[in-house]
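Walk through this complex with the model open beside the text.

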Amino acid sequence: MSWSLAFALLQVADPQLPPVSTSVFVIATVIKMIVVFTVLMVGVALLTLAERKISAWIQDRHGPNRVGWHGLLQPAADGVKNIMKEETYPDAAYLPLFVIAPALAFIPAMLTFAVIPFASPLPTGGGLIEMVVAPLPIGFLYILAIASLGVYGIVLAGWASNNKYSLLGGLRSSAQMVSYEIAMGLSTIAVLLLAGNVALNDIIWQQATTVWNFFGLAIAFVIFLIAAFAETNRLPFDLPEAESELIAGYHTEYSAMKFSLFFIAEYSNMVTASALLVTLFFGGWDIPFTLWDNQAPWSVVKTIVTGLAFAAKVLFFLFFYMWIRWTLPRFRYDQLMSLGWRILLPVSLVYIVVIAGTLLILDLLGVRPGALHGVILGVVNIVLAGVLFLVLDSGRIISPASRRLRADQLRRLRAMRSRSPLATPGGD
Amino acid sequence: MGLFYTFNFYLFGVLAIISAVTFVTRRSPVAAALWLVNTMFCLAALYVMMDAQFIGAIQVLVYAGAIMVVFLFVVMLLNLGHASDVTDVMSGKTRLAAAIAGLLFLAELFVLWKDDAPVPIAPPVEPAESGVIAQVAAPLFRDYLLAFEITSVLLLAAIVGAVVLAKRKTT
């Protein structure tokens with residue numbers, strides 16, 4: 001179903017595009033589609049290896065090192081194994097949806113990447129080619145729309161398997177993704193306010209000419225980062241497949257390549273989320289502290305260098321994803337919901353009001369977007385972050401170790417301890 | 001408006017109608033919901049072809065991405081998803097309502113057939129400086145500000161009402 005929309009959207013030529021002839025446009029788009037798809041697929045295969053290598057490194061092991069040089073061919077071996085394995089179909093499964101669900105999980109992850117600009121425009125004989133598969137004028141809204149469809153694959157896989165653990169996984173994921181989508185969408189309103197547009201190219205240009213948004217809009221960045229982890233079902237938010245509670249959650253009944261497709265979808269989602277974080281908050285393909293890369297004359301060198309800058313930033317966030325996964329434990333389900341609805345949602349709503357107010361005041365004072373503008377926003381964010389931290393923490397994370405506990409604090413801590421299943425009777 | 005455009009218009013139009021018909025004829029609620037999602041998609045595609053990209057994106061985001069997901073969630077939570085569980089209850093009133101709806105539909109078709117074709121609304125040729133969203137926002141926040149604000153109050157009342165209903169203790 002997603003294809004129909006993709007085709008329609010691809011036909012829309014962006015009015016901002018430099019005049020390239022239709023044939024050049026079509027050929028360039030086809031080439032870009034093939035290149036991006038290939039890079040993403042190979043990248044995803046290597047990411048599965050990277051995940052295992054990084055987990056091994058964090059746990060002081062070697063990781064896979066039998067197939068190829070330092071285990072480099074492990075993804076190929078896994079792929080061959082998954083294709084050769086037998087596909088099993090549960091008797092009670094609803095087959096049409098059972099078969100289509102892995103594809104539904106995978107397609108939105110791929111589609112989202114279509115609008116993310118990954119390098120500066122490339123000059124060719126046929127005209128200037130933008131380094132994005134589909135330069136849509138509604139870029140960011142398209143991403144939100146397609147990302148909201150990722151949940152269908154998981155939910156339908158859970159339901160069509162006709163297995164109670166799968167169903168529970170599917171239910172959890174739909175509740176989780178709907179909850180965090182709201183915080184994610186609201187946190188980015190600040191970015192759009194600052195850029196004054198929803199086209200991703202404009203957001204990158206705004207960051208290149210002032211400061212990157214992760215400084216000026218630090219709280220939005222943190223909210224978006226947390227929501228992105230929840231949206232991709234990665235630890236500490238991998239409740240839909242919590243193996244200690246749900247066997248494997250929504251993909252319990254899947255085998256062979258269909259099972260593998262869910263993993264490919266998860267890693268593609270990670271790549272897309274990282275690319276989105278980079279585009280919205282870390283300047284996209286911009287190279288910091290210089291405008292050399294953002295202006296004409298365009299050249300092949302600029303395209304390659306900015307492409308590498310983009311790749312480096314995305315790889316950092318992919319590493320960050322894995323780093324978090326092998327560091328933090330999983331949330332409890334009620335904690336997950338309370339974080340989404342009772343903390344992230346109100347914080348992002350208040351944040352919109354504060355940022356809109358600040359921008360209005362700066363505009364009235366005649367401060368033009370630039371270095372000073374960015375610094376003022378950054379200071380506002382630091383103050384907000386301090387206030388937020390004090391309110392949220394309230395003695396929970398940071399124990400008042402600098403002074404003696406008051407009597408009531410001590411009583412509260414002891415009460416917590418006696419409630420714990422690990423409490424020793426009578427011990428203190 | 002080349003052949004490509006015409007072809008895609010009919011493609012998505014026919015797909016939308018087929019999906020809508022399949023949606024009303026499916027017995028399984030999950031299958032029906034998915035066909036409805038497909039209808040939404042085809043409509044979004046048609047909006048995009050009319051240069052209303054904002055409406056197209058919002059159509060997918062709100063209807064396909066949020067409302068239908070919640071709908072599926074409820075269907076699954078109540079475990080209504082299997083066709084065998086759904087009994088074909090059709091009271092006399094339901095049949096009467098269906099008949100009236102059918103008559104209205106026929107009347108609409110008749111009017112459309114007799115009436116002249118509506119004048120096509122030409123989209124602005126040059127997009128505004130500030131992108132496609134500004135074109136939607138400007139009338140909303142200038143000409144129709146009061147209506148916009150009243151609608152938002154209505155939605156707020158609905159949200160508060162839902163919370164009150166959910167919080168009410170069952171005695």
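How many residues of chain A are in contact with chain B, and how many of chain B with chain A? The contact joins 29 residues of chain A to 32 residues of chain B. Two residues are in contact if their C-beta atoms, placed from the backbone, lie within 7 Å. On the chain A side, the elements giving two or more residues are helix 1 (2-11), helix 5 (139-147), helix 6 (150-160) and helix 7 (164-195). Helices (H or I, at least four residues) and strands (E, at least two) are DSSP runs, numbered from the N terminus. Helix 7 of chain A gives the largest share of that side, 6 residues. By class, the side of chain A that touches chain B has 22 nonpolar residues, 7 polar and no charged. Here Ala, Val, Leu, Ile, Met, Phe, Trp, Tyr, Cys and Pro count as nonpolar, Asp, Glu, Lys and Arg as charged, and the others, Gly among them, as polar.

This is a predicted model: local features need pLDDT of at least 70, side-chain atom pairs count only at pLDDT 80 or more, and totals for chains, interfaces and linings use all residues. Residues are numbered from 1 along each chain as its sequence is written, while chains are lettered from A and ligands numbered from 1 in the order in which they are written. The predictor gives the complex an ipTM of 0.76 and a pTM of 0.82.

Now look inside chain A. Helix 4 (residues 95-112) and helix 5 of chain A pack at about 170°, their axes 9 Å apart. Axes are lines fitted to C-alpha atoms, for helices over the stretch in contact, and angles run from 0 to 180 degrees between N-to-C directions. Helix 4 of chain A brings A:P108, A:L111 and A:T112 to the contact, and helix 5 of chain A brings A:I143, A:I146 and A:A147.

Turn to chain B. Chain B has 6 helices and 0 strands. Its mean pLDDT (the predictor's confidence in each residue, from 0 to 100) is 81, and 84% of the residues score at least 70. Of the 171 residues in chain B, 21% are buried, with 20 or more other C-beta atoms, placed from the backbone, within 10 Å of their own. In helix 1 (residues 3-25) of chain B, the buried residues are B:F12, B:A16 and B:S19.

Technical notes. A residue is buried if 20 or more other C-beta atoms lie within 10 Å of its own, exposed if 12 or fewer, and partly exposed in between; C-beta atoms are placed from the backbone. The expected span of a helix is 1.5 Å times one less than its number of residues.
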